[in-house]
Amino acid sequence: MTRRPSTPVRASFAALILVLVLTAAAWSHPVPDLPVRSHFDPGGGAEIRVEVDPRCFEADPETVNYFQSEKIESLSGDEVKKMKERADVFIRERLRFLFDPVGEVKPEFVWEFKKLGDGGVPYETDDKTLLKGNETVLVGSWKATVVAGMTGYRIEALAVTPEKMGAPLNVMFLNFIGGKPVERYAVLFPGETSFTLDLTEQGIFPAPGVRTAGSVGVLAEPGDWLSLFGSEIKRGFTHVLPHGLDHVLFVLGVFLMTRKWKPLLLQISAFTVAHTLTLWLASAGIVRIPANIVEPVIAASIVAIALENIFHPKYTHWRLLVVFVFGLIHGLGFAGVMSTRLDSTSSLIVGLLGVNIGVELGQLAVILIALLATCRISSATGYRKYVVIPGSILIALAGVWWVIERTLL
């Protein structure tokens, strides 16, 4: 005799799926990290650039689609001015810029709309052309001269209070000397301060008697690696829980096919290998696909996995290929909300390794929660009737909504 799952177990798992679906439907467009890229030239020339997604100005940024170039170009001059003013306020509420020994410096940014992801290239204020169909962001540039006697530069990510505009974001602290990336970078969560970039050691203004290294950005302390690695693990995890709920639903869809360890492990491994591959390729700049293409495909993958659970209940190795292909697309989705770009420097490789581990820990957490929620259901028939079918239907409905929202709304 098979044991029918108890009402509390059925209700708890159904409630879990429903809460995730409703929450995910509200948070369907994760907001990219906030990158701060600082460029220093030997002799004192400096430029600080920040990249702000205009969706951050909304009360619920994740519910708003990316701003397409056509929408930006349709704005009036007054509307554009107000958005740039809001970007200034947004940055002031979230960042402090500190130069030693002077203290805090308040940059006066010149704002222009740019294509998403172009913040790392040399910034030209006279280039105002936006390619059609591209997601756009506001890029602020502040050009100045680092005067003799300034020895260090760092930033602080301010804690976000309820009265401040938008949601809290991770801040990326990236630096370039003479056009070359500094080896060390930082991921800052609200309330954290970056390391101090030593301008004397970097050859901007060598202190008397100091011999500068011939290369840029060597990590001097082993603790730097560990700190960066830990921050990136945390960033990868939070991009799954709680901010990557479309990915959460996909992982739940994979889980609902079977609870047997071997096929479940094979599917998760295929998904992991696939999204790791495209995350690294996208970070290296080898693969670049616009978010307005990636996001609907991610939504469609959720629908496909859920429907397969309903109409093809038996696991086959064909499922591995399906999961792998969709994993490639999900990797591009992770890359789209992370501002790290893979370069030849070792720290960025360590950072991306940390991101991948964090993503995997987030996915394993989802699987563990699902296992705990269903562990008392021993009947295969009851599990399919009370968990797989209703859970897959809800997941499919969320995916269908996202497909519509991300293509038509």
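Predicted model: local features only at pLDDT ≥ 70, side-chain atom pairs only at ≥ 80, totals over all residues.
Student: Which elements does the chain have, helices and strands included?

Tutor: The chain has ten helices and eleven strands. Among contacts between residues at least 6 apart in sequence, 78% join residues at least 24 apart.

Student: What describes two packed helices?

Tutor: Two packed helices are described by the angle between their axes and by the distance between those axes. Consider helix α5 (residues 245–257) and helix α6 (residues 261–283): their axes come within 9 Å and cross at roughly 155°. Angles over 145 degrees count as roughly antiparallel, so α5 is roughly antiparallel to α6. The crossing of this pair is right-handed.

Student: Which residues of α5 and α6 meet?

Tutor: From α5, Phe250, Val251, Val254, Phe255 and Met257 meet Leu264, Gln267, Ile268 and Phe271 of α6. By class, this contact of α5 with α6 has eight nonpolar residues, one polar residue and no charged ones.

Student: At what angle do α5 and α9 pack?

Tutor: Helix α9 (residues 346–374) packs with α5 at an angle of about 50°, the axes being 10 Å apart. The two helices are therefore oblique to each other, and α5 and α9 cross in a right-handed manner. Val248, Val251, Leu252 and Phe255 of α5 make the contact with Gln363, Val366, Ile367, Ala370, Leu371 and Thr374 of α9. By class, the contact of α5 with α9 has eight nonpolar, two polar and no charged residues.

Note on methods. Residues numbered from 1 in each chain as written. Heavy atoms only, no water. Helix = DSSP H or I, 4+ residues; strand = E, 2+ residues; numbered from the N terminus. Contact = heavy atoms within 4.5 Å. Axes fitted to C-alpha atoms, helices over the stretch in contact; angles between N-to-C directions. Parallel < 35°, antiparallel > 145°, perpendicular 65-115°, else oblique. Left-handed = near helix turned anticlockwise from the far one by under 90°. Nonpolar A, V, L, I, M, F, W, Y, C, P; charged D, E, K, R; others polar.
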